[in-house]
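The sequence and model are shown first.

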Amino acid sequence: MAAQPYHQQFDSQETQLNKEPILLENYPVPLSPPLPLISKDIELNRAMSASSKSSLFTINKSDVLFEDEWLIAFNKPQGVYCETILASVPTLLLNNSTELGTQAKKMELHLANRLDRDTSGVILITKSHKVAAKLVKAFTDHKVRKTYIAFCVGQRPKWKKMTLKSGHGRSKFGAWRVYAAKDVGRKLPGGSSVKHMETLFEVLSINGEECTKEMSELNVVVEDKSLIEFDCEANKVEILVRAYPRSGRTHQIRLHCQYLGIPVRGDVKYEGVYEWNETVYDGHELHAESLTFDHPVTGSSVVIHAPLPSWANKGLALAL
């Protein structure tokens, strides 16, 4: 058999080399950047620190924000895992240690919501399977209203309020990323799909000063990569924002803050500053401020507020 001409051999090799990219074109492309290299070691150290802190942590009665026959809510501190709070509840509820072994088995405790390891604020726990199922449905149907406070460092926003709509999903490397809104419903590597993600942001202060009324209100649908630059530290300002997530996606507020060029301070996973004004941050500054919902048993309106951490109180006080 005669050898192929050189140009045909080259064309054949190029086709083989390009076969995988051609196949991958069927998947949507994430619009937020991959995780920074610095985050790997920092996140590992933070996880180890949180494990040590969680092993010694016990919940106190003073941490209870709300309690009735069916529900109990706590103010979770930064750097403690949700599972630690859940594991501490039986000891708190049962005063008589002799009853702990028998009665703890009867408890049907469930986490109604979850917060990231370094996110503080309201965490809600149900006391029965039936109540848990009703609350899960309420969260799924977006009938639970949530507010968060975040301390961000980034580019000065030109808006007072912003509604941001995008896609949300995991890249082929397992990291949560922002996708274009038009990609919602499309399949991702691994079998999952892009979900809708929507957050309303309100700027509370910039560099400790109240925002001007002239600042605009925007409604943005994400279709392209963010054009915000993160490397110019001279232009960065401190921004305190309140976020109203209208969907319940993993790392939603952190991802959307990153996309807007105002990553949460200390959130190295999503380009937040690790060191700022000669202070090194052990975690990100995001706080689950409140939960509002109809009680799954009584039907009455329930509003649960968690006291603000010092960084949030300071930012709000300076703005007043």
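## Confidence of the model

pLDDT is the predictor's confidence in each residue, on a scale from 0 to 100. Helices (H or I, at least four residues) and strands (E, at least two) are DSSP runs, numbered from the N terminus. Because this is a predicted model, local features need pLDDT of at least 70 and side-chain atom pairs count only at pLDDT 80 or more, whereas totals for chains, interfaces and linings use all residues. Residues are numbered from 1 along each chain as its sequence is written, and side-chain values use heavy atoms, with hydrogens and water left out.

The chain has a mean pLDDT of 86, and 84% of its residues reach 70 or more. Over residues 1-23 pLDDT stays under 50, and the model has one contact (heavy atoms within 4.5 Å) for them beyond four places in sequence. Residues 96-102 also stay under 50, with five contacts beyond four places in sequence.

## Helix α3

Helix α3 has 19 residues and reaches 28 Å from its first C-alpha to its last. This is close to the 27 Å expected at 1.5 Å a residue, the expected span being 1.5 Å times one less than the number of residues. In α3, Ser-39, Ile-42, Glu-43, Arg-46, Ala-50 and Ser-54 are buried (under 20% relative accessible area with a 1.4 Å probe, protein chains only; exposed is over 50%, and partly exposed lies in between). Seen down the helix axis, the buried residues fall within an arc of 100 degrees, so they line one face of α3; the arc is that of the directions from the axis to the C-beta atoms.

On the other side of α3, Lys-40, Asp-41, Asn-45, Met-48, Ser-55 and Leu-56 are exposed. The cover over the buried residues includes α4 (82-93). Ser-54, which belongs to α3 (residues 38-56), counts as buried because its relative accessibility is 9%. Leaving aside residues up to four places away in sequence, Ser-54 touches Gly-79, Val-80, Tyr-81 and Thr-84.

## An aromatic pair

Rings of Phe, Tyr and Trp (its six-membered ring) pair if their centres lie within 6.5 Å; planes under 30 degrees apart count as stacked, over 60 as edge-to-face and the rest as tilted. By this rule there is one aromatic pair. The ring centres of Phe-151 and Trp-311 are 6.4 Å apart and their planes stand at 75 degrees, so the pair is edge-to-face. Phe-151 lies in strand β5 (residues 145-155) and Trp-311 in helix α8 (residues 310-319), so the pair ties together parts 160 residues apart in sequence.

Phe-151 and Trp-311 are both buried. The charged end of Arg-265 sits over the ring of Phe-151, 3.7 Å from its centre (NZ of Lys or CZ of Arg within 6 Å of the ring centre and within 35 degrees of the ring normal).
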